[in-house]
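Me: Hi, I have just opened this one and would like a careful tour. Could you take me through it step by step?

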Amino acid sequence: DYYTATSDLEVLFAAENILVEKFDDYLNKVEQKQTEIKEFLNYVDALQAEMSDPEAYHGNPLNAIVTIRRFVYQWKHDVLEKIFSTQDYDDYKITIANELQQLNITMPTQDDILGAGSGLLRLQETYKLSTSELADGKILDRQTEAELSASDCYEMGRNAHELNQHQYAVEWLLQARSLNQHPENITQVSDLQILELLAPALNRTGNLKLAHMLNSEILKQQPAHEAAIRDNIYYLHEMLRQRHILTAPQEDQGEDGKRSEEKPSKPDKYELYRRTCRGELRPTARQQRNLRCRYTDNNVPFRRLAPFKMELLSEDPFVAYYHNAMHESEMEQLQDVGFGNLKRTRVGQNSTAATSSIRNSKGIWLWYEKNSWLASIYQRLEDITGLSMESGEALQLANYGIGGQYEPHYDYMSSPTNDWKGNRILTALFYINDVDMGGGTAFPYLPLLVNPVKGSVVVWYNMHSSTEKDFRVLHAGCPVLKGSKWICNEWMHEGGQEFRRPCGLAPERTKSAAYEA
Ligand SMILES: O=C(O)CCC(=O)C(=O)O
Ligand SMILES: [Fe+2]
């Protein structure tokens, strides 16, 4: 698919170049044919104009053969067959298909539109983006070159409608309608098409009257419109019913009928996640008091000369950046490996892993054994974390596309495999590029938003030193708002860390118990 990673969209430009080249060719050929046909028609015109006495003309046996020949050869072969034959068209279709296949390019589908559309809706929801500003190319406070047409907005409205996001559907369809008012815009969507979706969407958002009004507009334009006739009956019926309810005497609710006052519900983890992504939730000043940057060698002799620049983000649980943790050449190589090789990432464990909207990105596993050039990264991870990489997983490279995100989750496995490696004790997440807007790593319970910094790695423990799960480190990848996000993550396991991260004596579970789902 084309919506989970930005890297794949770039091949579509190659596909488009092929199409432009081939159709240029095709149109030249068609033009050539048209000129030839025009010339022939002029010749016939002139011939007939010269012919003052047709009977005398055909009385001449020489002329008879000329006329008949004209039909058999020129009309039949040069005009009719030429213009009605689809041979050229078929040839082009075949060569285009072949060339795209050679480049391994498949055409985007309706599913891709829906995927990209739902990504955009997620961005709207997460970052509270206004529909009309988006249509104008404005993303938060940044004006971009992009601009959506009436038909793009219509498409967004249709997507939102299909995804049952009726409020957004209404907004996008109204936007399409207002863009349609400008006749200078080339639009491929009619007012009728917009109304056909707008009326039901309004009804679904509770605007029955407005839905009925717009439905009447459809009927004005097309009195025999079947769906509109049916809906009209429904709307009238529904309005009558509601009026009846309003005027009917209210039943005495008595003592028992007293509605218990609705308690404001505790914000759920998704709401906290969105607020953290927007930067509305931050650590308190008290939480930040002891946070500082420092250079550290982590007791690695070589690092005394080239210490890590550590930036502590949270003391307990431990979350920290290590800046300049990857070389430019390594990041370039990682992206080179990634281009074209990424597969939709899966969530879950081995056999039950599946693609899911929980994580819409594309990724690839890079095994250290098979990629000797990763040896220095392997070593650096040990130096930074002080842990053994012996039980670590392969390095995972991932790229998020439009609206790409990873919903709130824990990295540890609910039931770790029963071998010596144990559970995912620590996560190291490298940022391979700077993200234009959005795409931070959010910890909704801390609350902390870690912004991607190219070349930095953010490290956190998923488990207490008593090896109990730390429920405070729920985290997520915020949707990418603009640009693309490349990351690389390493999950290190418990196995082999006995002497490196000694187990705590007292259970630390109490610290995080309140956050258990
Ligand atoms: O993309 C991110 O910022 C988070 C990634 C993540 O949580 C993971 O890979 O486990
Ligand atoms: Fe994670």
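Reply: One definition comes in handy later: a residue is buried if 20 or more other C-beta atoms lie within 10 Å of its own, exposed if 12 or fewer, and partly exposed in between. Please also keep in mind that this is a predicted model.

Me: Okay, so is L140 buried, exposed or partly exposed, and why?
Reply: L140 is partly exposed, because 15 other C-beta atoms lie within 10 Å, and that count falls between the two cut-offs. The residue sits in the loop between β1 (138-139) and β2 (142-143), and its phi is positive, about 50°, although L140 is not a glycine.

Me: Where are the cis bonds, then?
Reply: The peptide bond from D316 to P317 is cis, with omega near 5°, and P317 belongs to the loop between β4 (308-314) and β5 (319-323). Another cis bond joins L446 and P447, where omega is about -25°, and P447 is in the loop between β14 (441-443) and β15 (448-450).

Me: Stepping back, how many helices and strands are there?
Reply: The protein chain has 16 helices and 19 strands. Its radius of gyration is 33 Å, whereas a compact globule of 517 residues would have one near 24 Å, and the C-alpha atoms fill a box of roughly 120 × 80 × 45 Å along the principal axes. Buried residues make up 30% of the 517 residues.

Me: And what domains does the assignment give?
Reply: The domain assignment gives domain 1 (6-102), domain 2 (110-243) and domain 3 (280-513). The C-alpha centres of domain 2 and domain 3 lie 41 Å apart, and nine residues of domain 2 are in contact with 10 residues of domain 3.

Me: Which helix gives the largest share of domain 2's side of that?
Reply: Helix α5 (residues 110-127) does, with seven residues on the side of domain 2 that touches domain 3. By class, that side of domain 2 divides into six nonpolar, two polar and one charged residues.

Me: Changing topic, what order do the strands of the nine-stranded sheet have?
Reply: It is an open sheet with the order β3-β4-β5-β16-β12-β19-β10-β9-β6, and the pairing is antiparallel. The edge strands, each pairing on one side only, are β3 (293-296) and β6 (343-344). Within the sheet, five bridges join β9 (residues 362-366) to β10 (residues 395-400), and L366 stands opposite L395 in β10.

Me: Last one: what residues are around ligand 1?
Reply: The residues around ligand 1 are Y406, D411, T427, L429, T441, H475, G477, I487 and N489. Three strands, β12 (424-431), β17 (475-477) and β19 (485-493), each supply at least two residues of this shell. By class, the shell has three nonpolar, five polar and one charged residues.

Methods:
Residues numbered from 1 in each chain as written. Chains lettered and ligands numbered in written order. Predicted model: local features only at pLDDT ≥ 70, side-chain atom pairs only at ≥ 80, totals over all residues. Near = placed C-beta within 6 Å. Helix = DSSP H or I, 4+ residues; strand = E, 2+ residues; numbered from the N terminus. Nonpolar A, V, L, I, M, F, W, Y, C, P; charged D, E, K, R; others polar. Rg over C-alpha atoms; globule rule 2.2 N^0.38 Å. Domains from an automatic or database assignment. Contact = placed C-beta atoms within 7 Å. Pairing = 2+ DSSP bridges.
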